[in-house]
Amino acid sequence: MASSSTQTPLLYSCIAHHTTILSECTTSPSSKTSSLASLILPKIDHDSPQKLTYTHGSHHIHYISEASSAHPGNPSAGGLTFLVIAESSLGRRVPFGFLFEIRKRFFDEFDVASADFADMPNYGAGSFNAELKNLMVEFGTTSGGRDDAITNVQREMDDVRGIMTRNIEGLLERGERIDLLVDKTDRLGGSAREFRVRSRGLKRQMWWKNVKLMALLVVVFLLIIVAIVIAVKNATG
């Protein structure tokens, strides 16, 4: 999996044929957002083209899925899904603009009329990973990229408000919800451990500051006493 430490609200993206990941990139490995994709991909229906958003806490999972009816010359293209997981604060226009762009570029690189996507193995389109990474950074962090994303949305559809939004909890079976809860708990536990480490470090810093302050006060007090003693001796001498 291609990964990057670049800070962008577009956290994870993949192109899949049904549940087979053909290309993917994550810009935030610590967020473990790829686990969300692995839960959603098996649930996606390819009977008709879809544009849909699932919400999960501070994350939104957006995807565009193809259908065989849209590709009569190559039914295997009907099993493709273009997916991105983003911070909810980003809204929907930029993520869907990004999806429209990667869809266009993917079909430019892999001819939709002749490529057998069903025959591709895992990461069979791994050559596209770098393109995903570049677009995630560009569309997520630059004003020009976001403007391009919004233009893509305006060109492809009338209004993103027409895209259905669902809560991911309603999609998953009970066992999958438990897995997701465990994953969330693990992330919270990691954050708690990190907080405790920072707290201990801060306590040590404050303790040393107090020690230094007390030492300074003692030195000043001693200097004052010495000055008084010298002044008394001079006066009596």
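Mentor: Start with Glu66 and Arg103, whose side chains meet in a salt bridge at 2.5 Å, N to O. A salt bridge here is a side-chain nitrogen of Lys or Arg within 4 Å of a carboxyl oxygen of Asp or Glu. This pair links distant parts of the chain, 37 residues apart. Glu66 sits in the loop between strand E5 (59-65) and strand E6 (80-87), Arg103 in helix H2. Helices (H or I, at least four residues) and strands (E, at least two) are DSSP runs, numbered from the N terminus. Glu66 is buried at 3% relative accessibility, while Arg103 is partly exposed at 26%. Buried means under 20% relative accessible area, exposed over 50%, partly exposed in between (1.4 Å probe, protein chains only).

The model is predicted: local features need pLDDT of at least 70, side-chain atom pairs pLDDT 80 or more, and totals for chains, interfaces and linings use all residues. Residues are numbered from 1 along each chain as its sequence is written, and side-chain values use heavy atoms, without hydrogens and water.

By this rule there are four salt bridges. Glu101 pairs with Arg105, closest N and O atoms 2.7 Å apart. They are four residues apart in helix H2, so about one helical turn separates them. Glu101 is buried at 11%; Arg105 is partly exposed at 30%.

Lys104 pairs with Asp108 at 3.3 Å between the closest N and O atoms. Both lie in helix H2, again four residues apart, about one turn. Lys104 is partly exposed at 46%, and Asp108 is exposed at 56%. Shared partners also join Glu101, Arg105 and Glu131 into one salt-bridge network.
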